Amino acid sequence: MNRKYFYILAVTSSFSFIQTLDAQEANKGFQVSSVNPKSDKPPEQKSLEILQAPSEIILKTQPPNSQLEKFPTSPVLAKDFDWGVKIIDGAAYRAGIQKLEPLAKSGHADAQFQLGLMIYNGWGTPRNYRRAAVWYREAAIQGYDNSQYALGNLYDNGEGVPQDKTEAAVWWGKAAEQGHVLAQLTLARRYSELSDGHENLKQTARWYQAAAVNGSTIAQIELAKMYQLGRGLPQDNAMAHMWYNIAGATAENPDYWEIAFRKRDDIGNKMTSADLADAQRMATQCMIGGYKNCGY
């Protein structure tokens with residue numbers, strides 16, 4: 001089983017902040033439905049619904065952000081780890097822990113994260129936030145982004161470690177720098193909750209931008225709003241229209257695409273035909289390029 005399994009567990013079962021998000025919208029590329037996903041196939045592709053855009057334009061699904069390649073291991077360890085995950089997948093949690101614990105102690109980052117996650121949730125072992133923090137930290141210092149994000153949440157909530165909002169932001173930042181979309185969203189929201197000082201708005205825009213090009217509908221809508229209002233970014237109706245358009249075309253949650261398209265049309269009614277054409281061209285260009293060239 002690939003690393004997507006651990007990410008799904010983290011999103012659906014562990015962290016209180018993410019329970020306020022629509023995880024499926026937060027990160028395209030992960031099929032969030034249950035602890036045991038039915039399939040590793042990416043979400044079904046669909047046509048991009050940009051105004052008057054060619055029908056052959058196809059939504060490119062963002063690949064998962066995998067750090068697995070950073071942690072090479074021997075064939076024996078890999079075989080044991082896969083077997084341990086299969087046991088967990090069958091809900092035989094105690095047996096899975098027995099298999100994964102020696103791997104975690106040997107320095108296997110995936111096993112460390114999985115073990116911390118099981119201890120955090122009390123799967124096959126008594127729930128213990130302090131022990132969970134120990135294993136999250138072991139994987140986090142190796143650069144494992146899911147563990148960095150998880151450890152940040154523990155510091156934010158004071159679970160198993162002293163509550164420390166600054167330390168939480170440090171670990172979220174490490175994960176966000178690696179492209180962890182939920183860490184990027186968390187940082188953006190936290191900065192947006194602070195005063196409207198220049199640096200806070202700058203960081204809010206930075207992390208919404210990062211999550212937006214990572215395929216997050218939530219971030220795309222929030223980024224569009226910042227362009228629309230000129231809050232933290234230069235006021236730009238064309239850029240706002242572009243991001244609302246992309247968010248509406250890619251959203252899987254009907255509430256999101258309804259909001260995005262309504263806001264897009266509200267702005268469009270105030271734009272010239274030339275500006276609308278530019279916004280449409282930029283949205284098409286952005287999607288075709290896999291979020292590599294979004295804007296002027």
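**Setting.** I am working with a predicted model, in which local features need pLDDT of at least 70 and side-chain atom pairs count only at pLDDT 80 or more, while totals for chains, interfaces and linings use all residues. Residues are numbered from 1 along each chain as its sequence is written, and side-chain values use heavy atoms, with hydrogens and water left out.

**Helix 7.** I looked up helix 7, residues 145-157, taking helices as DSSP runs (H or I, at least four residues) numbered from the N terminus. Its 13 residues should span 18 Å, and the end C-alpha atoms are 19 Å apart, which agrees; the expected span is 1.5 Å times one less than the number of residues. Twelve of the 13 residues are buried, so the helix is largely enclosed by the rest of the structure, where buried means under 20% relative accessible area (1.4 Å probe, protein chains only). After helix 7 comes Gly158, with a positive phi near 70°.

**Core.** I then checked the largest nonpolar core, which has 71 residues, with Tyr136, Met242, Trp243 and Ile246 having the most contacts inside it; such a core is a set of buried Ala, Val, Leu, Ile, Met, Phe, Trp, Tyr and Cys residues joined through side-chain atoms within 4.5 Å.

**Asp236.** I found Asp236 in the loop between helix 11 (217-229) and helix 12 (237-250). Asp236 is buried yet has no salt bridge, and the nearest side chain of opposite charge, Arg281, is 10.0 Å away; a salt bridge needs a side-chain nitrogen of Lys or Arg within 4 Å of a carboxyl oxygen of Asp or Glu. The side chain of Asp236 does reach the backbone nitrogen of Ala238, at 3.1 Å.

How values were computed: Helices (H or I, at least four residues) and strands (E, at least two) are DSSP runs, numbered from the N terminus. Buried means under 20% relative accessible area, exposed over 50%, partly exposed in between (1.4 Å probe, protein chains only). Lys and Arg count as positive and Asp and Glu as negative; His and the chain ends are not counted. A polar contact is a pair of N or O atoms within 3.5 Å; within protein, one must be able to donate a hydrogen and the other to accept it, and residues adjacent in sequence count only if both atoms are side-chain atoms.
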